[in-house]
Amino acid sequence: MLKSVSSIHTGICSKLIRTLSTALNVHPPEKLDNFRCYESNPVNHTIHNVAQFYSLPPEDKALLFRHGGLPKTFETQCKTFNETCIMIRKPALDVINSLKNIDYSKPPCKFVLYGVKGSGRSLSLAHILHFGYKSGYLLVHVPWVGDWMRRCKESSTSVMEKDYIDLNIDAAMWLTHFKKQNEHLLVNKELKLCQEYVWNKRESTNKGAPLTELIDFGINRIKYASYCVVVLAEEIKQLSKAGVCKTLVAIDGYNAFFYPQTRIFKEKKEVVHPSKVTLTKAFLNLSYFNWNNAAIVLTVDEIAIGQDDYPSNLPRYLLDKEGFEHLDPFVPIPVENYSSKEFLSCMEYYKERKWIQYYPGMEEELAFISNSNPYKLLELSASL
Amino acid sequence: MFQVTRNINKCLSTTTLKYSSTMPRASEIDTEKDDFKPLNLRQVKGHQFVKRPMRKMEVLTPRTEQMPVDQDWGSVWPGPRSFQPNTVPLPVRQGYVKKGAAVPHKYGNAELMKIPNFLHLTPPVIKRQCEALKKFCTPWPKALDTDEKCQEHFPIEVATSSYCHSSPSIRDPLSRIVTVNIKLSSLKLDKHAKDKFLRLVGERYDENTDIVTITTDRCPTRKQNYDYAMYLVTALYHESWIVEEWEKLKSEADMEYYDWNKSKSKTSIEEMFGKKSNEVPHIEQYSNALNNLMNDGENEYNIAKYGDAVRKLLQLPQLSEISK
């Protein structure tokens, strides 16, 4: 009884105060009620969640990013924070919204994420990839093309195609990655080959065999792994066209496929042009427009090509004429540095994780020093 | 024994030396026979010059102060000449101003002498010279009353320089140079011919004024250079109209600008949509955006425009529609 009376009293008080307040149009400074988004399914993220952090479930992370896909520094930070939180940002939401509204009977739409170094292209791609996983796309994800073109594990001349160079271990690793990411989809009996592939006198993969057989063959017989990727790409295209699966192609550092200065060498130390690498053939085939029931999300990155200086980070420069014509028409999506709202949200998150010790004026100072660049902020806050 | 003789020798030599040093000279002995004179090392006395008083130059008052007010300035300063403070009756001042000091006056002022002056070209002098030249001129054609008409009827402009010297030679090598200016729009050229003409003339064409400038100086006389310039204009015009066999091989890489209608982009769009490009909706905006992107260079603005055009073309939701 006493409790109810007191609650009535407080209710009246607050009402009175509200009506009797003399301050007009008080706009509190824009501050997030909560910097966390408890919706961990990217399908349900809306524009109202911008600048909020959502936590990537550990089981999803283990499935999607076991073999790479998240930047290394970010991984370290996640380990420190004991959770993987990705900020919901406009570029990713824009792509996700488009993916929801695409007419999939038409040729695939291409989205190219671009921006300055450390602005969060790879993490936006990770967010989109998570969306793709949650909405049941067949994921064709390349974590970092720069790894193939600039620090490949091993290279040899191709057995299956003349004048081509195979990156055996990298191809097999990618097949493992692909298999892991699409575990749940590959059990589908309909995903089968529509052609017979003869590898040599004794080995062949029959028509109608499940896709996993081809992948396993590539993983076990590393010599044929690169060509397996080419075949797999073509098969995925055919299956998508037939409507068996819906595909999301996500490639990070896509422009490395067109930069002539690779670090792959032939036997006589000649530099191999990326167009002469078997893996390039597979992924250029996947990013071409002559199929449907798919969407393509790419990032262009100046780090992927490892030039000495970076005159521009815009897609036409990075893709060069050849790459631009290959992708055209595509939607360029700028990934910018943090807006003030995003920056404050990030600071709140760091405070909550006890990553930084707060002092007054810290936000302004850090925003100024880091230029609101996410990666710079991460670096700067490491010592605070 | 040998050593003793050597010692004696040594002694002798030293003594002779001593002797010679003290011996007075023969002339001195003659003059100083009767009178003992003190040692005069510096020889101050003897030939003493009597200093003639300096003749002072009479400093004239500056000429400027003697000038009548109504003098004929054209005769005082008839030609180009560096500044003379005593001839110019003006309190001119110029130069670096030290702190707290006035501007340096005209006397001994290097700054004033350095710069070229136009004191010989005062308006009355110009007027007088024009009057003198008038009897050699013919009247200006009445029909050519505006600049446009002049340009229309006389599209070629020839410029030469004549030099006049008071030197033994009446020739100046610079007078041979002939400069010919032509407005490109006055030549009848089609698209191909114009392109070729511009490639042939290279940097001699000024885009802002649309004028081609040809300068010839390789021949020894002005007449020859003028003929050569006219030959060049004729040859350029006719050459640019010729279409060579190999010009048909011009591919996209040789193009001086990006043309969407000839690009790979157009063919891929046609292949994508399965119809002629002009039937595709919103193709105009897309092709314009791509032309701008390729021709004006890539920047944030052009890329954003291109993105918008592609969204329209592929019927994707615009960026502003996310919130819905």
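1. In chain B, 51% of the contacts with a separation of 6 or more are between residues 24 or more positions apart, where contact means heavy atoms within 4.5 Å. This is a predicted model, in which local features need pLDDT of at least 70 and side-chain atom pairs count only at pLDDT 80 or more, while totals for chains, interfaces and linings use all residues. Residues are numbered from 1 along each chain as its sequence is written, chains are lettered from A and ligands numbered from 1 in the order in which they are written, and side-chain values use heavy atoms, with hydrogens and water left out.

2. Chain B has 12 helices and four strands; helices (H or I, at least four residues) and strands (E, at least two) are DSSP runs, numbered from the N terminus. Of the 324 residues in chain B, 23% are buried, a word that here stands for under 20% relative accessible area, with exposed being over 50% and partly exposed in between (1.4 Å probe, protein chains only).

3. Where the two chains touch, 28 residues of chain A and 28 residues of chain B take part. The size of an interface is often given as the accessible area lost when the parts come together. Between chain B and chain A the buried area is about 2600 Å², and carbon and sulfur atoms give 65% of this; the value is the accessible area (1.4 Å probe) that two parts lose on being put together, summed over both.

4. Between chain B and chain A there is one salt bridge, defined as a side-chain nitrogen of Lys or Arg within 4 Å of a carboxyl oxygen of Asp or Glu. The salt bridge joins the side chains of Asp94(A) and Arg311(B), at 2.7 Å from N to O. On the chain B side that touches chain A, the elements giving two or more residues are α10 (264–273), α11 (283–295) and α12 (300–313) of chain B, and α12(B) gives the most, with seven residues. The residues of this side of chain B comprise 15 nonpolar, six polar and seven charged; Ala, Val, Leu, Ile, Met, Phe, Trp, Tyr, Cys and Pro count as nonpolar, Asp, Glu, Lys and Arg as charged, and the others, Gly among them, as polar.

5. Turning to chain A, strand β11 (residues 294–299) is mostly covered, with six of its six residues buried. Ala294(A), Ile296(A) and Leu298(A) point one way from β11(A), whereas Ala295(A), Val297(A) and Thr299(A) point the other way. Two strands pair if DSSP finds at least two bridges between them. Strand β4 (residues 109–114) of chain A runs parallel to β11(A), joined by five bridges, and Phe111(A) has Val297(A) as its bridge partner. Strand β10 (residues 247–251) of chain A is also parallel to β11(A), with five bridges, and here Leu248(A) is partnered by Ala295(A).

6. Chain B has an open sheet of four strands in the order β1-β2-β4-β3, with antiparallel pairing. Because β1 (156–160) and β3 (205–206) of chain B stand at the edges, each with a single partner strand, one side of each is left without a neighbour in the sheet. Five bridges connect β1(B) with strand β2 (residues 178–183) of chain B in the antiparallel sense, and Thr160(B) stands opposite Val178(B).
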